[in-house]
Amino acid sequence: MDSEKPDLVRAFRSNYRWDGVSCQPYKEDGSAPFKDISRQVLFHEPDMGCELRYFEMDAGGHSTLERHEHAHAVMILRGNGTCLLGDTVRPVRTFDLISIPAWTWHQLRANAGEPMGFLCMVNQQRDRPQLPTAEQLASMKANSAVAEFLAG
Ligand code: MN
């Protein structure tokens, strides 16, 4: 095989890992807005405007609570959990599809007993996510369902 060319077919190994895809665990510090989550970039093609990532959270882990101008298209690939979308909290399970519109606060949380993984399609060119200010967070928590969700 010509080593100059990227592999067009990359095999699934096992346990949500693929040949030629590195797994990047997010670093955690005391103020981390995410918990127990890793990221794998599955597709980042020069000829396409989007990319596809696979994120996985350990049991009880969660993604960053954030919002931004770019949208996400998400499919749960593994496990079950809960999704915050704006002021709505919804249970989600394997193969559910989630559309995250522009400027919508969002976070995914894995259930306590099992890891949860999801595919996330996103524009390659995109703005940086915003994290909520203390004031915005307080405003979100005025909704009891959201407050309960954020408390884990
Ligand atoms: Mn996001």
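Student: Before that, what should I know about the model and its numbering?

Tutor: This is a predicted model, in which local features need pLDDT of at least 70 and side-chain atom pairs count only at pLDDT 80 or more, while totals for chains, interfaces and linings use all residues. Residues are numbered from 1 along each chain as its sequence is written, and side-chain values use heavy atoms, with hydrogens and water left out.

Student: OK, which residues coordinate the manganese ion?

Tutor: Glu66 through OE, and His68, His72 and His106 each through NE2, coordinate the manganese ion at 1.9 to 2.3 Å. Donors here are N, O and S atoms within 2.8 Å of the metal (3.2 Å for Na, K and Ca), and sites may look incomplete because water is not among the atoms.

Student: And how are the donor residues spaced in sequence?

Tutor: The spacing reads E-x1-H-x3-H-x33-H.

Student: Is His68 buried or exposed?

Tutor: His68 is buried, since its relative accessible area is 1%; buried means under 20%, exposed over 50% and partly exposed in between, with a 1.4 Å probe and protein chains only. Glu66 is buried as well.

Student: Where does His68 sit, and what does its side chain touch?

Tutor: His68 lies in the loop between β3 and β4, where strands (E, at least two residues) and helices (H or I, at least four) are DSSP runs numbered from the N terminus. Its side chain makes a polar contact of 3.1 Å with the side chain of His72, and a polar atom of that His68 side chain is 2.8 Å from the backbone oxygen of His70. A polar contact is a pair of N or O atoms within 3.5 Å; within protein, one must be able to donate a hydrogen and the other to accept it, and residues adjacent in sequence count only if both atoms are side-chain atoms.

Student: Switching to pockets, what is the volume of the largest pocket?

Tutor: The largest pocket has a volume of about 530 Å³. On a 1 Å grid over the protein atoms alone, a pocket is an open set of points with protein on both sides within 12 Å along at least five of seven lines, and lining residues have an atom within 4 Å of a point. Grid points are joined across faces, edges and corners, and the volume is the space filled by probe spheres set on them.

Student: Which element gives the most to that lining?

Tutor: β8 does, with three residues.

Student: What about the second largest pocket?

Tutor: The second largest pocket holds about 210 Å³ of space, and among the twelve residues lining it, Pro33, Leu65, Gln107, Pro132 and Leu137 are the closest to its centre. At least two lining residues come from each of β8 and α1 (134-141).

Student: Now strands: how do β4 and β7 run?

Tutor: They run antiparallel and are joined by four bridges, with pairing requiring at least two DSSP bridges. Met75 has Leu97 in β7 as its bridge partner, and Leu97 and Ser99 form the uncovered face of β7, whereas Ile98 and Ile100 form the covered one.

Student: Last one, what does Arg78 contact?

Tutor: The side chain of Arg78, a residue of strand β4, makes a polar contact of 2.9 Å with the side chain of Glu56, and Arg78 counts as buried because its relative accessibility is 19%.

Methods: On a 1 Å grid over the protein atoms alone, a cavity is a set of points where a 1.4 Å probe fits but cannot get out, and a pocket is an open set with protein on both sides within 12 Å along at least five of seven lines; lining residues have an atom within 4 Å of a point.
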